Amino acid sequence: MTHTKLKSIGIGECNWTEGFWADKFKMAEEVMVPYMGDLLCGDIGHALNNFKIAAGLKEGEHKGMFWHDGDFYKFIEAKTYIYAYTKNAKLLSEIDEFISIISQAQEEDGYLQTQIQLRENVDRYENRKYHEMYNTGHLLISACTHHKVTGKDNFLNIAIKHADLLHTIFMPETKHYARFGFNQTQIMGLVELYRSVGDVKYLRLAEKFINNRGKYEVKHDSTTIGYPIGDMVQERTPLRESKEAVGHAVLALYYYAGAADVYSETGEKALINALDLLWNNVTQKKMYVTGAVGQAHYGASTNLDMIEEGFIDAYMMPNMTAYNETCANLCNAMFSYRMFGIHGESKYMDIIELVLYNSGLSGISVGGKEYFYANPLRMVNNTRNYNAHENVTETPDREPYLECFCCPPNLVRTIAKVSGWAYSITNAGVSINLYGANTLKSKLLDDSLIQLTQETNYPWNGHIRIKVDKCKNEPFEMAFRIPNWVKTASIKVNEEPISVEMISGTFARIKRVWKKGDIVILDFPMEINLVEGHSRIEEVRNQIAIKRGPIVYCIESPDLPKNTEILSVYFNGDAVLEEEYESNFLGGISIIKGEVLLRKDSSEGMYNTVTKPVWEPFKTKFVPYFAWSNRGQAEMTVFMPVVWR
Ligand SMILES: [Zn+2]
């Protein structure tokens, strides 16, 4: 990579040792991946069956969404990451078995899309709604990850053969395929393949898919019919002229992430300028306090194109009907991680951390087997049209299987690989991006060894101890991220306070000759903060959310008197809030103890004459948003109207 400030550490170089992320990794290894394997390789998920049938190894027909192949590739990617960190040989042989089946399903010329291969009367690259680009992207990414981790070529060769076919079809300027690049994970996949094998034609094709967007008239033709067009799929405005994030949130963010990958290889100024604007627009105008994105299931863009599952107007942030697909939230982190690599600024990591601890993790139950697809900030029973659509994604409770299975493997692969985001290699040394107990064994740019041990109970406690285990005998810089929520931070090296700029939302940089045994102590006192939204966000006017460190809290039914409606819960602005760690509650979390006011004089009319409300104080606790809905079906809210005395 030539146009990035930071270099990622290698897969397997940072290992969680204990605490929050070690627990989550263990859950991914022992519960999420095996359980998901049972689903996807069995008859419920039917994903492996589709490949087996296409390979001629089984009788039957395709089942699942058009993008089911892609979701299976993501699952393989997760499994590959688990292998990378555990070296469990059984996983590798299981993956090899999948690859063998997939290779038999692949056609002579490289085509591989079971949703088309197993359907009659549907042609290859006939209509973009069949999600061939999405499946292709995840195939390439998964195969490149497998190659990186194992050094083997069996999966990579499938990807190369497939990408070569893609190149012959989409590189020539043909009108028929001009608007085909939709749900564009193939851009990330092609750049990844370029990085893996070094053939620049894959990078050029990735660029081509960006260049095509916004170049052609937006009207339905045979390749687009059956799915919204225009802003919905980011094809109304060329990317380099875009100033506003539009359309389907997952489609948009995969597209922007892919474009950031292209920029990091080409260094094209117009591209990064647009991506800077888009990132700002997403995170400053259209993002929830949990890092979630995609405000509406149905809506319109500012150009009045119909939008589904995506971005609507700036500051229009409904709580109850927020869509906030788990994938979209994770894509926000993926896009931010690429921008972080490019610019090296802490603000991108703040967003990543926000997503990871809140709207990413909320997609999975504490036990690891039940999923949320939509992640609203308020759940009120019977307000959403659960039965109005054929494929329900906005469920009142977590589900053991989702017909549309894109989110679960996306989340588990993120959990499996997130230690790879904890550090970066900088031009001057190493940056510490995420906190959590771990060990790092990597190399600086000059190939010298760097080994660190990090000990902390983050995110429940802001005390962090980093020990140098091995490093070169020359000065280099360690850059410590000061999260944006920190009010006062302190840093000591070998018990001596160090005079260094400690500004929240930036890196504190210490350059010196580091020695084995050096100990850095960071202290980020974690206060309990009340957060309010910008006054233009009507939906949260006069409301607050509770946040401690990177964790956003909520209140839910099990912590309220029986039959209390969540809409009658007000926050007592004068209440004293206290944090308490509970090791045996919801997987081990810090709760916040406090008081709410329950309004007792509710009226049923749409508008009612109001008198001074009757309040009943109630002592309760708030739980992390990510851990909600683990105690049966519940009502929940992040934002509460506040009453100040
Ligand atoms: Zn999804």
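At roughly what angle do the axes of helix α11 and helix α12 cross? The legends below begin with this pair. The model is predicted, so local features need pLDDT of at least 70, side-chain atom pairs count only at pLDDT 80 or more, and totals for chains, interfaces and linings use all residues. Residues are numbered from 1 along each chain as its sequence is written, and side-chain values use heavy atoms, with hydrogens and water left out.

**View 1. Helices α11 and α12.** The axes of α11 (residues 269-285) and α12 (residues 326-343) cross at roughly 135° and come within 11 Å; axes are lines fitted to C-alpha atoms, for helices over the stretch in contact, and angles run from 0 to 180 degrees between N-to-C directions. Helices are DSSP runs (H or I, at least four residues), as are strands (E, at least two), numbered from the N terminus. The angle makes α11 oblique to α12 (under 35 degrees is roughly parallel, over 145 roughly antiparallel, 65 to 115 roughly perpendicular, the rest oblique). The crossing is left-handed, meaning that the near helix is turned anticlockwise from the far one by less than a right angle. From α11, Ile272, Leu275, Asp276, Trp279, Val282 and Thr283 make the contact, and from α12, Asn332, Phe335, Ser336, Met339, Ile342 and His343; contact means heavy atoms within 4.5 Å. By class, these residues are 7 nonpolar, 4 polar and 1 charged (nonpolar: Ala, Val, Leu, Ile, Met, Phe, Trp, Tyr, Cys and Pro; charged: Asp, Glu, Lys and Arg; polar: the others, Gly among them).

**View 2. Helices α8 and α9.** Helix α8 (residues 185-197) and helix α9 (residues 200-212) have axes that come within 7 Å and cross at roughly 165°. This makes α8 roughly antiparallel to α9, and their crossing is left-handed. Contact residues include Leu190 and Tyr194 of α8 and Leu203 and Phe209 of α9. The contact comprises 13 nonpolar residues, 1 polar and no charged.

**View 3. Met478 in the largest nonpolar core.** Met478 is among the residues that touch the most other members of this core of 212 residues, together with Tyr256, Phe480, Phe622 and Val638. A nonpolar core is a set of buried Ala, Val, Leu, Ile, Met, Phe, Trp, Tyr and Cys residues joined through side-chain atoms within 4.5 Å. Beyond its neighbours within four places in sequence, Met478 contacts residues including Val430, Leu452, Arg509 and Trp514.

**View 4. Glu578 in strand β21 (residues 578-582).** Glu578 is partly exposed because its relative accessibility is 48% (buried is under 20% relative accessible area, exposed over 50%, partly exposed in between, with a 1.4 Å probe and protein chains only).
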